Amino acid sequence: MNIPILFSDTPGMLPLWTWECNLDGIYTACSPEVILCLGINPDQVIGQSLFDFRLLPESTLKIKESLKSGRYPAEVRAVFLSSQNEEVPGKINLFELFDESNQLIGWRGFNQIILGSEDENSLPQENRVEAGEISGINEELNRRTGISWDHGRIELAAAYWSAAGRKSAMDHLDRVEGGDPAVMAIPFDFGNYGSGLVEVEAQGEARTWSASEVLLVKGVVTQLTATLEKLLLKAVLEQETQDRARAEGEILRRNQDLSKLSKIGQQLGRLSSHAEVFNFIFDMLGEMIDNRNLIIARYTQDKEISFPFVAKNGLVLTEQYKNDFAGSVVRYVTTEKEPLLLTGASTEEYDGYKISLPDIFPAAVMAVPMLAGDRPVGAIILLNYEDTQAFNFIHLELLSTIAAQVSAALENVSLFQEIRQALLAIEIRERYQANIARAVALLSQGGTQMLPQFLELVGQAADCSRVVYVQYFEAGDENHWKIIKHWPAATLTGSLPPLVDYQVSLSRLPAQENAPEKGWLSGALYGRFEDGGKSLGSFLFLTVPGKSLWRSYISVEQYGAVRTWQKEEIDILKVAADALSNTIIREGLMDQLQASLDETENLYQASHQLALSSGNNDMLASLSKHLSPPQIQHSILVLFENNDTGQITGLKPCAVWHSDKVLYNGGWKPDLKEICLPEFIPDFQKVDPVFYDEVRFAPMGEDLRSALIKNGIVSLAMLPLWASKRQLGVMLLIGERSYHFSNRDMRLFPPLVDQMSIAIENEHAHELTQKALNDIKEVDRLKSQFLATMSHELRSPLNSIIGFSQVILKGIDGPVTDLQQHDLTAIYESGQLLLSLINDVLDLSKIEAGKMELALAPISLEDVINSAISSTRGLIKNKPITIRQEVKEHLPVINADAIRIRQVLINLLSNAVKFTEMGTVTVKAWVTNAVDGKKEAWVTVTDTGMGITPENQKKLFQAFTQVDSSQVRHAGGSGLGLSISRSLIDLHHGRIGILQSIVNQGSTFYFTLPVD
């Protein structure tokens, strides 16, 4: 006999139960229907995790992914585990849970059991109901759940639900049927907890149910209903009691956690270093969470990851830690900016989070990011290798809160350290700047005399043990540094030996030779040098530039400890070293300047006297008197004599000077004839000055040496006189005693001797120039006389030729043949051309002689243009050329020579006609304003001829020059027209030139005249 009992919260719906959970996924409420669905009491559910309680692992991953997507409502297919660990398929419907202020506080939903076709397949064959067998039977009736008793066995009721039972449940009416099997189905309700059905089925015999049996079953159903209501009510009361106790425990635990979090926050605010923060968090976490395996990571804006704190199996690691698994976890939580909780994660789940697979899989992983605002600064990671339930969402929330506090604490510590470093740097900078500024000011005011005070201020600025100024000295093979001044700190006074005049060998500090490249050198020499019983720990060499590669330097020293000199310290101390260098250089330059001023004064005086000198004697006296030392008593100016080919043929003494205080040996004077013999010319030919302290040892010819010694000359200087790459002679400085010529002597004499050479050359050039000018004037006079004579002599016969040829052409002497007519015409035109050439030559000669005079008068430019065009038309002959004119009306009257302007215009028109085979020649005239604002008249002549290349345009206005090409040469001409035209326009204070020219297209010439 089968007795199935089926339940449902609502008739025709899947069996389900409702629930609620917080943001950590912990169940906070569960409906009693879970008893009927899974055989589990609600109090067993509350406090467990939504993600893994009575669920297969693959269902856990689906729930997490659904919550991560943030799309609600959501439905997730899942497989539940009953109280007997049987797999029950179903689905989870997820909704968001909000409080009264509309803040998200968790999730809510309902879980439904899915009774699929597999459940129907377990029905006995004879009890199955085919589709459509009973009209109106809803498929959802197959989804009811319950229990069944069958011959002592308890099964799921759905396996024994008959067609009559289905119809009774659907109609909610009692159904009693006889036969084989005999079925009796009694539906019932039990308050707000749903409805059910008790079905009694008898198989194996044809049976009819009696009224008493029906009443019995109904009585049992009534008792069952009452019993179920009591059980459910009891379960609800127990659940509420458990919920209240759990809530109180949760509140107590949360209060304890909040107290600890408050304590952590207060304590973190008192810590001043990162290490203190890490150690404190490690200790505090141990009171709340399993922290045996703790990793604290730092994350920079450059996405670099470091692990400043790592605890493994409860021991804090001191060595550097690097782990790809931990690094990938840090990257995930800092990139996503959300926590991570993995319990019993599989390889696929790690891959889903893009986390590198660890060597040993932890049972549970919990990681939270540390954020400064929205910027990730690190992460806290907890690992457990034993218990998959070691961490839950409550722990995750707690760790997230701690991570926020740690982030703020680390930022505060960093800010505090930065402020402290900044204040310390400001204090150090102010100390350096104040002392170095005073030190530089002392040097500016008192120079190197303030060196002791300067070193003291440098030592106070650097807060060091000693400051030493070491100067470099060159002494042949014994070059060394010499300690000039030093300043010891008060703590070292009396313990260090005196260092004044103390020499330091180059070999003692070999590395100093590299210092000049960057201006400083630092290092640690702890225990290397002993001075007064104290070990030199660190040094800083600051080079003081000088003339030598091995420079002087300031040594800043620290005794008893190793010290690292910061770049900012070095930069400020370099200012002091540079100031000392500048002071030393300035004082040296002042000394040199004073000596140079003295030399310059002497040079000026000698140069001034040399400029005022009128002859060789005066020039020699000016130089010798102002510049010769007392040991030089004589000076002689010897010039070379040259033949016509420029070859030196002799020596000529041109001037002699001797000092007023010279003491002659017995009235002796040098015999110049013996010194200036022609055979001594090679000895006097010098490229550079030579100085002989003693003549007897001088490298010169033996005959000259003997002559010099014979005349009492002991010391001698030969200063060659060069001008225009030619030696004019030599100046001799003579001493009666041995004299060492100094660098000053060698430096002062040559420039002035060069001036004297130039003066001598200029005087000679002046004489030649005057002679040349006189010759030019005479030639010019003869040329003008020749041109005047020749023009008169040429014009008379030429005019006769032109006149008689014109008479014959007119037929006055009788008729002429065509051939005679042609020849006479050629004679006439050639005569006219020759006359024009003669006139051009005469005009050119007058212009060059400055005798060209203009007959200026008010003229009409329009009339001059008309006259010139009329005269030019005869040149066109048979060429298809048209002459046009575009003259503006009412042109003003111009003050000019009409004949000369007409001559210029005819020249331009003639050239245009000559070089144009066909087309037009256009003359334009107008008045406009010049650059200076004054008015000027413009006249242009434009042709459509052959044009002129840019190279040939440069030669147009040169006398006797034509464009050299076959196309031009056939036109003839002397090449004087444009040159004379330019001179005539210049005399009118106008301008003339070519405006533009394009080859094979034509040219435009112009000239301007000022308008008064």
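**Salt bridges and cysteines in a predicted model**

Glu-557 forms a salt bridge with Arg-466, and their closest N and O atoms are 2.9 Å apart. Glu-557 sits in strand E24 (residues 552-559) and Arg-466 in strand E18 (residues 466-473), so this pair ties together parts that are 91 residues apart in sequence. By salt bridge I mean a side-chain nitrogen of Lys or Arg within 4 Å of a carboxyl oxygen of Asp or Glu. Side chains of opposite charge can pair when their charged atoms come close.

Some ground rules. This is a predicted model, where local features need pLDDT of at least 70 and side-chain atom pairs count only at pLDDT 80 or more, while totals for chains, interfaces and linings use all residues. Residues are numbered from 1 along each chain as its sequence is written, and side-chain values use heavy atoms, with hydrogens and water left out. Helices (H or I, at least four residues) and strands (E, at least two) are DSSP runs, numbered from the N terminus.

Buried here means under 20% relative accessible area, exposed means over 50%, and partly exposed is in between, using a 1.4 Å probe and protein chains only.

How many salt bridges does the structure hold? There are 17, and I will show a few.

Lys-567 pairs with Asp-571, with the closest N and O atoms 2.9 Å apart. Both lie in helix H12 (residues 567-612), four residues apart, which is about one turn of the helix. Lys-567 is exposed at 60% relative accessibility, whereas Asp-571 is partly exposed at 32%.

Glu-694 and Arg-696 also meet in a salt bridge, at 2.7 Å from N to O. Glu-694 is partly exposed, at 24% relative accessibility, and Arg-696 is exposed, at 54%.

Salt bridges can also join up: Asp-290, Arg-292 and Glu-386 are linked in a network of them.

Now the cysteines. A disulfide is a covalent bond between the sulfur atoms of two cysteines. The rule used here is a pair of cysteine sulfur atoms within 2.5 Å, and by this rule the count is zero. Cys-30, for one, is in no disulfide, as the nearest cysteine sulfur, that of Cys-37, is 9.4 Å away. Cys-30 is buried, at 11% relative accessibility.

Cys-654 is partly exposed, with a relative accessible area of 22%.
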